[in-house]
Amino acid sequence: MNIYGAVVDNSTRCIHYHSEKDIIAIKFTCCERYYPCYKCHEEQADHSIQRWPQEQFDEYAILCGNCHTEMTIRQYMSTTNCPQCHAIFNERCAMHYPIYFEQSANED
Ligand SMILES: [Zn+2]
Ligand SMILES: [Zn+2]
Ligand SMILES: [Zn+2]
């Protein structure tokens with residue numbers, strides 16, 4: 001699995017987000033590449049981010065950097081730790097969902 005961006009370790013931490021819990025990478029639908037965060041994508045991709053549409057939330061687009069298992073966007077959004085290895089994810093990532101994932105109309 002190739003992870004693009006300014007990755008600093010084997011658990012997909014990057015120069016922007018590298019706390020204990022920052023262990024996921026996100027596949028961007030615009031380029032089908034995994035990056036640890038949107039800033040990595042911003043710096044290295046030659047295009048702007050395209051958000052995942054809701055009808056594709058069952059795509060495998062989240063990678064746990066701890067066990068390197070992929071999960072779907074829907075799985076990721078409904079959990080606070082990895083379904084496979086139970087590593088805890090950074091709950092503050094939820095603040096950034098609107099950058100990566102299309103929001104439903106009544107949440108906007
Ligand atoms: Zn892209
Ligand atoms: Zn980054
Ligand atoms: Zn895991």
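## Aromatic pairs and cluster

Tyr38 is buried, as is Tyr100, where buried stands for under 20% relative accessible area, exposed for over 50% and partly exposed for what lies in between, computed with a 1.4 Å probe on protein chains only. The model is predicted, and for that reason local features need a pLDDT of at least 70 and side-chain atom pairs count only at pLDDT 80 or more, whereas totals for chains, interfaces and linings use all residues. Residues are numbered from 1 along each chain as its sequence is written, chains are lettered from A and ligands numbered from 1 in the order in which they are written, and side-chain values use heavy atoms, with hydrogens and water left out.

Rings of Phe, Tyr and Trp (its six-membered ring) pair if their centres lie within 6.5 Å, and planes under 30 degrees apart count as stacked, over 60 as edge-to-face and the rest as tilted. By this rule there are 9 aromatic pairs. One of them joins Phe28 and Tyr35 edge-to-face, with 5.7 Å from centre to centre and 75 degrees between the planes, and both Phe28 and Tyr35 are buried. Tyr38 and Tyr100 also form an edge-to-face pair, at 6.1 Å centre to centre and 70 degrees between the planes. This pair links distant parts of the chain, with Tyr38 in helix α1 and Tyr100 in helix α3, 62 residues apart; helices (H or I, at least four residues) and strands (E, at least two) are DSSP runs, numbered from the N terminus. One aromatic cluster is formed by Tyr4, Phe28, Tyr35, Tyr38, Phe57, Tyr76, Phe89, Tyr97, Tyr100 and Phe101. Over the face of Tyr4 lies Arg33, at 4.2 Å from the ring centre, the rule being that NZ of Lys or CZ of Arg is within 6 Å of the ring centre and within 35 degrees of the ring normal.

## Nonpolar core

A nonpolar core is a set of buried Ala, Val, Leu, Ile, Met, Phe, Trp, Tyr and Cys residues joined through side-chain atoms within 4.5 Å. The largest one has 26 residues, and those with the most contacts inside it are Ile62, Tyr76, Phe89, Tyr100 and Phe101. Two or more residues come from each of β1 (24-28), α1 (38-44), β3 (60-64), α2 (73-77) and α3 (97-100).

With contact taken as heavy atoms within 4.5 Å, and with neighbours within four places in sequence left aside, Phe89 touches residues including Lys21, Ile23, Ile24, Cys64, Met71 and Tyr76. The C-alpha atoms of Cys64 and Phe89 are separated by 8.8 Å, and the two residues are 25 apart along the chain.

## Zinc ion (ligand 3)

Cys64 is also a zinc donor: the zinc ion (ligand 3) has the SG atoms of Cys64, Cys67, Cys82 and Cys85 at 2.3 Å. Donors are N, O and S atoms within 2.8 Å of the metal (3.2 Å for Na, K and Ca), and water is not among the atoms, so sites may look incomplete. The spacing of these donors in sequence is C-x2-C-x14-C-x2-C.

The arrangement is tetrahedral because the 4 donor atoms subtend angles of 107 to 112 degrees. Four donors count as tetrahedral if all angles lie between 85 and 135 degrees; four count as square planar and six as octahedral if opposite donors are over 155 degrees apart and all others between 65 and 115, and anything else is irregular. Cys64 counts as buried because its relative accessible area is 0%, whereas Cys67, at 28%, is partly exposed.

The zinc ion (ligand 1) is coordinated at 2.1 to 2.3 Å by Cys30 (SG), Cys31 (SG), His41 (NE2) and His47 (NE2), which follow the spacing C-C-x9-H-x5-H. Angles of 101 to 123 degrees among the 4 donor atoms make this site tetrahedral. His41 is buried at 0% relative accessible area, while His47 is partly exposed at 31%.

Cys14 counts as buried, since its relative accessibility is 1%.

## Positive phi values

Most residues other than glycine have a negative phi. Thr12, in the segment before β1, has a positive phi near 65 degrees, and Thr12 is buried at 3% relative accessibility. His68, in the loop between β3 and β4 (70-72), has a positive phi near 60 degrees and is partly exposed, with a relative accessible area of 45%.
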